[in-house]
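Please consider the following structure and the terms used to describe it.

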Amino acid sequence: MTVNDFILKSYSNQIENGGVTWESPSNIALVKYWGKKANQIPENPSISFTLNTCKTITTLTYSKKDDTSNFDFEVYLDGKRHDGFKPKIQTFFERVLVYLPFLKDYNLKIETSNTFPHSSGIASSASGMSALALCLMSLERQFDTKMTSEFFNKKASFLSRLGSGSACRSIEGDLIVWGKTDVVEGSSNEFAIKYPYKVHENFKNYQNTILLVDKGEKQVSSTVGHNLMHNHPFAKQRFEHAHQNLNKLKQILESGNLNDFISLIESEALTLHAMMMTSNPYFILMKPNTLKIINKIWDFRNSTNLPIGFTLDAGANVHILYPKKEAHRILEFIKNELVAYCQNGHYICDEIGLGANQLL
Ligand code: DP6
């Protein structure tokens with residue numbers, strides 16, 4: 001399959017208007033994507049758990065227009081006009097026009113909302129861009145009614161990637177790989193695939209509690225962050241390290257060794273932050289409470305031997321990962337000892353999910 005296969009070659013102009021609604025989840029990377037080449041091609045492979053509760057719900061309403069020289073779209077967040085999203089969507093439309101040649105034929109109304117608070121510091125680009133890509137694919141399917149669901153998902157992931165890299169991992173669940181690697185057959189830089197190998201029972205229904213340490217705007221946008229990997233003194237080693245970690249994780253996922261799993265995800269999270277601390281310019285994205293939480297998790301793990309681990313994205317919030325069967329004791333610990341370090345005591349309980357759903 002090549003990128004050319006994603007170009008819609010011909011389409012009839014029969015569809016006058018309509019609407020479609022998708023919900024698409026966020027995802028949490030275990031091996032992180034950090035660094036990209038031109039056209040949203042990742043520097044290294046990544047793997048993530050698709051989430052279940054943190055989602056974006058997007059309705060796309062389309063109606064045929066006469067002037068096809070420009071994009072014509074409006075964006076609404078929680079029912080209110082939100083022009084702040086327009087530049088990112090405009091860039092996305094420009095990138096995907098060649099694959100969706102009908103985009104300029106319609107007036108588009110994009111109405112979006114998130115199940116998590118907008119200002120929670122949780123990245124909404126993965127869920128938001130994938131939800132929009134899925135809506136556009138539903139429109140495309142009207143021109144190509146014989147489209148297989150396999151092609152639909154692949155192209156939705158491909159388009160999502162052009163909006164935001166990590167978004168390509170949100171279409172399906174529950175474990176998703178993006179980026180070419182010898183470790184995973186069928187992996188691609190262009191779109192994500194479902195992890196195709198055996199996964200131990202220990203990882204079924206894995207839980208993810210997100211501690212909202214800092215709900216403010218991100219200090220460094222991910223685009224700026226990825227660019228910091230160009231000419232980074234440790235970039236080459238990091239990209240190799242990600243390949244090695246994916247290989248290790250493949251064995252861990254098969255064996256079900258939770259101690260090794262925790263060591264790997266925590267090391268990945270800290271490596272991501274180490275990359276930011278050693279770039280030029282450099283950033284510290286953890287807050288004092290992030291470190292307090294990490295130390296509390298380590299103390300609790302040492303004293304109870306419970307399989308609790310954490311990962312971080314490019315911010316201060318802490319994602320705690322643990323098996324469902326330990327949820328009772330671990331949630332007790334979170335409520336009693338960690339919530340105090342969250343901004344306004346806010347945290348979100350999520351778990352592994354199976355991907356996006358069409359609602360209407
Ligand atoms: C730290 O997907 O947000 O969450 O492609 O520029 O939109 P863009 O970046 P984005 O980067 C996410 C980086 C990360 C790690 C990950 O999810 O793999």
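Two strands pair if DSSP finds at least two bridges between them. This is a predicted model, in which local features need pLDDT of at least 70, side-chain atom pairs count only at pLDDT 80 or more, and totals for chains, interfaces and linings use all residues. Residues are numbered from 1 along each chain as its sequence is written, and side-chain values use heavy atoms, with hydrogens and water left out.

Q: Why are strand 10 and strand 13 called paired?
A: Strand 10 (residues 207-211) and strand 13 are joined by five bridges in the antiparallel sense; pairing requires at least two bridges, so the term applies. Thr-209 stands opposite Cys-349 in strand 13. Strands here are DSSP runs of E with at least two residues, and helices are runs of H or I with at least four, numbered from the N terminus.

Q: What is the order of the strands in the open sheet of four strands?
A: The order is 11-12-10-13, with antiparallel pairing.

Q: What makes strand 11 and strand 13 edge strands?
A: Strand 11 (309-312) and strand 13 (347-351) each have a single partner strand, so one side of each is left without a neighbour in the sheet.

Q: Which strands does helix 7 touch as it packs on the sheet?
A: Helix 7 (residues 288-304) touches strand 10, strand 11 and strand 12 (318-322). Contact means heavy atoms within 4.5 Å.

Q: Which residues is Phe-93 in contact with, leaving aside its neighbours within four places in sequence?
A: Phe-93 is in contact with Phe-71, Phe-73, Leu-103, Leu-108, Ile-110, Leu-132 and Leu-136.

How values were computed: Axes are lines fitted to C-alpha atoms, for helices over the stretch in contact, and angles run from 0 to 180 degrees between N-to-C directions.
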